[in-house]
Amino acid sequence: MSVPPAVEAIDVTRAYELDGTRVQALRGVSLRIGEGEFAAIVGPSGSGKSTLMHLLGCLDRPTGGTLRIGGRDVAALSDAELAELRNSRIGFVFQSFHLLPRTSALDNVALPLAYRGVPRGERRRRAAEALARVGLAHRLDHRPAQMSGGEQQRVAIARALVGEPRLVLADEPTGNLDTATGHEVMDLLARLNAEQGVAVVLVTHEADIAERARRQIHIRDGRIERDTCPTRPHDAQRL
Amino acid sequence: MRLAESLRVALEALLVNRLRSALTMFGVVIGVAAVVVLVALGSGARDLVQREIEGLGSNIVFVGPGEFSLTAAPTAGRLELTDVEYLRQTLGEDCPIAVSLSSGETVRAGRNEAFATVLGTNEALPEVFDRPLRPGGRYLTETDVESRRRVVVLGPRVAERIFGDVDPVGRQTIIAGARFRVIGVLEEKGQTFGQARDNDLHIPVTTAQRLLGVNRVDFLALRAPSAADTGRLRAAVVDALERRYPGERFSAITQTQLLGTVGTVLNALTGVLAAIAAVSLLVGGVGVSNIMLVGVRERTREIGLRKALGARRRDILAQFLAESVLLTSIGGAIGIALGITGALAITTLSPVPATITWWSPLLAFTVSAAVGIFFGVAPARRAARLDPVTALRTE
């Protein structure tokens, strides 16, 4: 038996009810992201890429189709099981970092482990290691406000990695950073992907950022328009 | 997340908004302090009254016609002086029996005037109620009662008010227009039900009956040989009287029963006071709820993030519940300290008694923690139910 892919989507749809009208954000997306892949989801705003991102991150459930994260069908999972899945398999990196403002870098990074019942000392030790991996070993006790945007995003990446997930989802990770810092963050993500074999999926509308990924998935109007490396669910064996 | 973890996170959150937390806590502090103080006052009142009833002397059985009542004078006066002799013979026991017929009258001596309770009684009263005399005088005798003499024994307060420093024994006084000779002065005794018993004056019951134009007495009081005899004596007295007056009802009450009755009334009073105070605790609880809702709104993004990182609904629920319970129980602890201090200050600095019972701080603390849960549930549930996608998008 092969290891199940990090993500497997078969004809996934997602519709919203907005003031009584039904908005179809995803109109049937099939996609497969293997272990250790580095992919970018690209598309203009309103294309449905954020919706796809939330589905891949188990923050949301599809209204149709099948979505498997780490081999588990999302539709069959309870809220608590979804939370557990997020905690154990997925790391998030957000455009606006989403760090707790009054909490040190160390405790910010340690946060996901708290929901796993890891003892405090152990949490902090692993958080310190994760911060060292993103080159912030000297910033453990700094609060977000005392750090630059690039440093904050590196803290967020450390937080995404501390739980040793199989998939890191980065939603416009460079959106709030200047170009140079943005590329540094991308370097870091690429290095982590290469060195640790964690799959990275980033969402962006910037072409030069998307090109850093080995695979680009273009989305428009809720459909995959173009996939540079189309691995369809049924020919998974090729990977 | 474990409980200790939730409490630590909650404490950190409370410390972030120190002023707000303190002000919210203040409502609970006041509510709990009010409960503790008011319950202490109620209990103090009960203890005071119980001490007073016990101060009447133990082993006493009160006998009156109809249903015995402390507050209302008996209506059907079917009790006479001759009943004393009748009871003494029927019961066949050597226990003193005092009679009582009282009325409020004006007492004068020279230019001094006072309003006092005139108590028509017999020679047995000092023995029944344990009321010694000051040296230099005597109490009413059997002869005084039989020959309806106009002699009076003054309570110390009345004596002071109409005679001042002068020794009243042997002097004349005017009671309800009639001239009386003072034969003795009672020792100080204190109060019962807020009535100065030192403001009494005792005259022979026969004289009192003529003065008031009646031939009844209000009630009898017996002193049983021991506390164990009171119950038996009580039944025997009622039985004897109802045999003597067929068709009439009599009742007798022992001091223990009196304590029980009064205790029940005063416990109810304490309960009412506690309930009033509890209202302010409730208001404090609403304040907690309000501030928690504000907190949930402010921290929507944080909640969204925590959920994205793997927090389950119950983790978020526990986090916010811990916060509100911490808020109210810290407030409760401060309120208890404040309430106990207040109650002690009241007892020390004013004549009002306050007794701190062991259960009232305990109750107040439990209630304040419960208030935290009750008023924290709605905001915490709101937080727990937030959709992570929406929460993360919130600015």
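1. A word on terms before the interface: a polar contact here is a pair of N or O atoms within 3.5 Å; within protein, one must be able to donate a hydrogen and the other to accept it, and residues adjacent in sequence count only if both atoms are side-chain atoms. By that rule, six residue pairs (both at pLDDT 80 or more) are in polar contact across the interface of chain A and chain B.

2. Some ground rules. This is a predicted model, in which local features need pLDDT of at least 70 and side-chain atom pairs count only at pLDDT 80 or more, while totals for chains, interfaces and linings use all residues. Residues are numbered from 1 along each chain as its sequence is written, chains are lettered from A in the order in which they are written, and side-chain values use heavy atoms, with hydrogens and water left out.

3. On the extent of the interface, 24 residues of chain A are in contact (heavy atoms within 4.5 Å) with 23 residues of chain B. The two chains bury about 2,100 Å² between them, 60% of it on carbon and sulfur atoms; this is the accessible area (1.4 Å probe) lost on putting the two parts together, summed over both. In chain A, the residues that lose the most area to chain B are Leu59(A), His98(A) and Tyr115(A), together 32% of what that side buries.

4. Two salt bridges are counted between chain A and chain B, each defined as a side-chain nitrogen of Lys or Arg within 4 Å of a carboxyl oxygen of Asp or Glu. In the salt bridge of Glu5(B) with Arg123(A), the closest N and O atoms are 2.7 Å apart.

5. Which elements of chain A give two or more residues to the side that touches chain B? They are α2 (79–89), α3 (105–114) and α4 (120–133), where helices are DSSP runs (H or I, at least four residues) and strands likewise (E, at least two), numbered from the N terminus. α2(A) gives the most, with five residues.

6. Within chain A, Arg89(A) forms a salt bridge with Glu35(A), the closest N and O atoms being 3.9 Å apart. This pair links distant parts of the chain, 54 residues apart: Arg89(A) is in helix α2, and Glu35(A) is in the loop between β2 (21–33) and β3 (38–42).
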